Each structure stands twice: as C-alpha cells, then as structure tokens.
Amino acid sequence: MSEDIIIEARNLRTAFGEHVVHQHLDLQIRRGEILGLVGGSGTGKSVLLNTVLGLKSADGGDILFEGRSMAAMSNEERRLIESRWGVLFQNGALFSALTVKENVMAPMREHVELSARLMEEIADMKIGLAGLPPEAGNRFPSELSGGMRKRAALARSLALDPSVLFLDEPTAGLDPIGAAAFDSLILELSRALGLTVFMITHDLDSLHAICDRVAVLADKKVEAVAPIPELMRHPHPWIQEYFNGPRGRAAQAGL
C-alpha cells in the first residue's frame with residue numbers, strides 16, 4: 001500500500017454556534033487504504049465526514065485533497081474532484097420514486113454526458129459489481145431487503161468510478177451474516193479497484209476484518225490513528241474500554 005496522502009485535515013475546527021465539536025484536529029488518509037473512524041457518542045464522526053465532503057464548512061483549519069486546499073479551489077475544480085468521490089450514507093439515501101437502475105444512473109446524468117443506452121449498460125455493470133442480481137435493477141428501494149438496499153446504494157456510489165469511497169455506518173441494521181458479506185464486498189472492491197475507503201463504523205467486527213488503520217475521535221480531536229494491535233496498547237481510557245472491553249475481546253477472538 002502506498003503511503004502518500006490523498007486527503008488531509010489540518011488543524012480543523014468545527015462548531016455549531018458556541019458548541020465546538022472539533023478543535024486542532026489532524027488526520028491523514030493514505031491512498032489505497034481502508035481507514036475506519038470510531039468515537040463515542042457526540043464526538044462528531046458524521047460532522048467530520050460532512051466537513052471533508054464539503055457539506056459543512058470548516059470553522060478553522062483546512063481540508064486538502066492530493067496536497068491542494070479544497071477551500072482555495074474554484075467551484076468547477078471542486079465539482080471535478082467530488083465527481084471522483086463515492087458516498088454511501090447510513091440510510092442509503094436512495095430516491096424512493098426511482099428504480100435501482102435509475103438511482104445508479106442519477107450521478108451519471110448530473111456529471112457526465114453519455115447516451116441513455118451507455119448509462120444503462122454502466123448501471124447494470126455497477127449493480128452486478130455490488131453483488132445484486134440483474135433483476136434488482138428494475139425494482140424500487142421499497143421492494144428490497146435492507147441488505148439489498150445497502151448494495152444498491154453502494155452501486156450508485158460506484159457509478160462514476162470513484163477513487164475515494166466514503167461510507168457512513170455501512171453495516172448498520174444488517175444481521176451478522178449480512179454485515180460480514182458486506183465487509184467482504186468492500187474489501188474485495190477496494191483491492192480490485194484500488195479504492196481509498198474512509199469508513200465511519202461502530203462495528204468492531206468490521207474494524208478487525210477490513211481496516212488497515214483506525215482513527216479514534218476523542219477530546220475534540222483525533223486522539224490516535226493506527227492499526228488495531230497498536231490501539232489496543234494505547235493508554236487513553238476510551239480507547240482501552242472500546243478495544244479491550246468485552247465486545248472488543250470478542251471481535252478479536254472471532255478473527
């Protein structure tokens with residue numbers, strides 16, 4: 001795995017009014033890695049993700065992509081970069097009035113100029129890549145199981161051949177078998193397509209199974225970022241409780 005930095009947060013500050021969520025936060029995401037993000041309730045995991053994505057403005061510091069400040073880019077430059085990013089939100093955020101295929105085609109309609117036939121062919125390919133049967137493309141999200149909706153949302157996030165994939169609690173709501181299958185799919189896609197993956201999750205099994213490193217949010221900053229064996233030796237009380245508590249030990253034993 002190359003260790004050059006593809007996304008970096010420098011001295012980041014985020015706040016809602018007088019409530020400071022992050023202060024002096026630094027984080028580097030390496031090209032080609034799967035980086036997990038964990039933290040206690042209220043530590044601002046989704047806030048950090050939304051700030052990186054540009055859905056929330058930083059109140060201080062900077063976000064860099066491939067060494068360039070996102071804040072200094074023109075709207076067109078940002079649009080081009082964001083077209084290289086795939087996002088899977090926690091609830092999937094699929095358009096309920098569109099079929100799965102139409103959902104997967106939606107980013108293509110927004111960012112590229114392709115014939116309808118070519119978009120349909122690409123959508124069919126992405127649907128298969130996400131592990132769905134061909135007939136799922138003509139179904140509506142309400143007609144799918146929870147696991148299939150996750151895969152449909154993943155297919156849409158892959159529509160534009162992204163270099164970076166952002167996942168917000170990708171296995172939330174899935175049974176253990178479905179969650180393990182989804183983890184395996186993410187790992188396979190990451191390795192096969194050379195994806196960089198930034199994943200918010202509280203699922204210890206997922207962290208152990210597929211993450212190269214894990215970043216821990218605590219005390220308004222990234223307290224530590226390292227492979228899990230190193231984090232298990234970290235002295236911070238929350239990190240110790242999380243990785244060496246009963247559930248952490250069970251996840252480790254299940255490897």
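Mentor: Start with α3, which gives the most to the lining of the largest pocket, with 4 residues. Helices here are DSSP runs of H or I with at least four residues, strands are runs of E with at least two, and both are numbered from the N terminus. Keep in mind that this is a predicted model, where local features need pLDDT of at least 70 and side-chain atom pairs count only at pLDDT 80 or more, while totals for chains, interfaces and linings use all residues. Residues are numbered from 1 along each chain as its sequence is written, and side-chain values use heavy atoms, leaving out hydrogens and water.

Back to the pocket: α2 (75–82), β6 (85–88), α3 and α5 each supply at least two residues of its lining. In total 20 residues line the largest pocket, and Trp85, Val87, Pro107, Glu110 and His111 lie nearest its centre. On a 1 Å grid over the protein atoms alone, a pocket is an open set of points with protein on both sides within 12 Å along at least five of seven lines, whereas a cavity is a set where a 1.4 Å probe fits but cannot get out; lining residues have an atom within 4 Å of a point. The pocket's volume is about 580 Å³, where volume is the space filled by probe spheres set on the points, with grid points joined across faces, edges and corners. By class, the lining has 12 nonpolar, 4 polar and 4 charged residues. Here Ala, Val, Leu, Ile, Met, Phe, Trp, Tyr, Cys and Pro count as nonpolar, Asp, Glu, Lys and Arg as charged, and the others, Gly among them, as polar.

Now for how α3 and α5 sit together. α3 (residues 100–111) and α5 (residues 146–157) pack at an angle of about 30°, with axes 8 Å apart. That makes α3 roughly parallel to α5. Axes are lines fitted to C-alpha atoms, for helices over the stretch in contact, and angles run from 0 to 180 degrees between N-to-C directions. Under 35 degrees counts as roughly parallel, over 145 as roughly antiparallel, 65 to 115 as roughly perpendicular, and the rest as oblique. The α3–α5 crossing is right-handed, which is the label when the near helix is turned clockwise from the far one by less than a right angle (anticlockwise is left-handed). On the α3 side the contact uses Val100, Asn103, Val104 and Pro107, and on the α5 side Ala152, Ala155 and Arg156, with contact meaning heavy atoms within 4.5 Å. Those residues split into 5 nonpolar, 1 polar and 1 charged. Notice Pro107: it is in this contact and also among the residues nearest the pocket's centre.

α3 has another neighbour, α4 (residues 116–129), packed at about 120° with axes 9 Å apart. That makes α3 oblique to α4, and α3 passes α4 in a right-handed crossing. Val100 and Val104 of α3 turn up in this contact too, alongside others including Met105 and Met108, facing α4 residues that include Met119 and Ile122.

On the other hand, α5 also packs with α6 (residues 176–193), at about 15° with axes 11 Å apart, so α5 and α6 are roughly parallel to each other. Lys150, Arg151 and Leu154 of α5 meet Ala181, Phe182, Leu185, Ile186 and Leu189 of α6, which comes to 6 nonpolar, no polar and 2 charged residues.
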